[in-house]
Amino acid sequence: RAQWGTCWMLMRREKRDRRHFKRMRFPPMDDEEPPLDYADHILNVEPSEGILMEFEDDDPTYELIRDWFYDVKPLGDGTIPPELAQHVFVNGPSYKEWRLSTHIMYPLLQLAEPLLLSSALM
């Protein structure tokens, strides 16, 4: 949920600042303009870079999660850095058993909090 929470928060910020999103103008298509062909115009376009939260190096709050937060399978490959060894236990890529200390869970909760609060209001 922390990854979704940061994504949700950053997408709201992007929408507010309108850097990557543009308001749609109506009418969306001109009647005399032919529709765009998917294969010609969209298929070969490379997707843009994902929106990621940048953790500041001098901020101690996110020090333990900064390096692995956006990994596909975080901490599941068995190579846990020595500074995390006392805070993390993951049995491997299956994630059947895992344990994170409160030093890691608290920043994850902070990052997930906007999403948790919005789902509680619904």
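The model is predicted.

The secondary structure amounts to 3 helices and 2 strands. Along the sequence these elements run α-α-β-β-α. The chain has 122 residues, and 22% of them count as buried. Its accessible surface is about 10,400 Å². Carbon and sulfur atoms account for 55% of that surface. Among contacts between residues at least 6 apart in sequence, 49% join residues at least 24 apart.

The structure contains 3 aromatic pairs. One of them joins Phe 55 and Phe 69, with ring centres 5.7 Å apart. The planes of these two rings meet at 85 degrees, over the 60 degrees required, so the pair is edge-to-face. Both Phe 55 and Phe 69 lie in the loop between α2 (38–41) and β1 (88–90). The two residues are 14 apart in sequence, so their pairing ties together separate parts of that loop. Phe 55 and Phe 69 are both buried.

Phe 69 also pairs with Tyr 70. Here the ring centres are 4.9 Å apart and the planes stand at 80 degrees, so this pair too is edge-to-face. The two partners differ in exposure. Phe 69 has a relative accessible area of 2%, under the 20% cut-off, and is therefore buried. Tyr 70, at 31%, is partly exposed.

Phe 55, Tyr 62, Phe 69 and Tyr 70 are linked by them into a cluster.

Notes: Residues numbered from 1 in each chain as written. Predicted model: local features only at pLDDT ≥ 70, side-chain atom pairs only at ≥ 80, totals over all residues. Heavy atoms only, no water. Helix = DSSP H or I, 4+ residues; strand = E, 2+ residues; numbered from the N terminus. Buried < 20%, exposed > 50% of the residue type's maximum accessible area, 1.4 Å probe, protein only. Contact = heavy atoms within 4.5 Å. Areas by Shrake-Rupley, 256 points an atom, 1.4 Å probe, with all protein chains shown as cover. Phe/Tyr/Trp six-rings, centres within 6.5 Å; stacked < 30°, edge-to-face > 60°.
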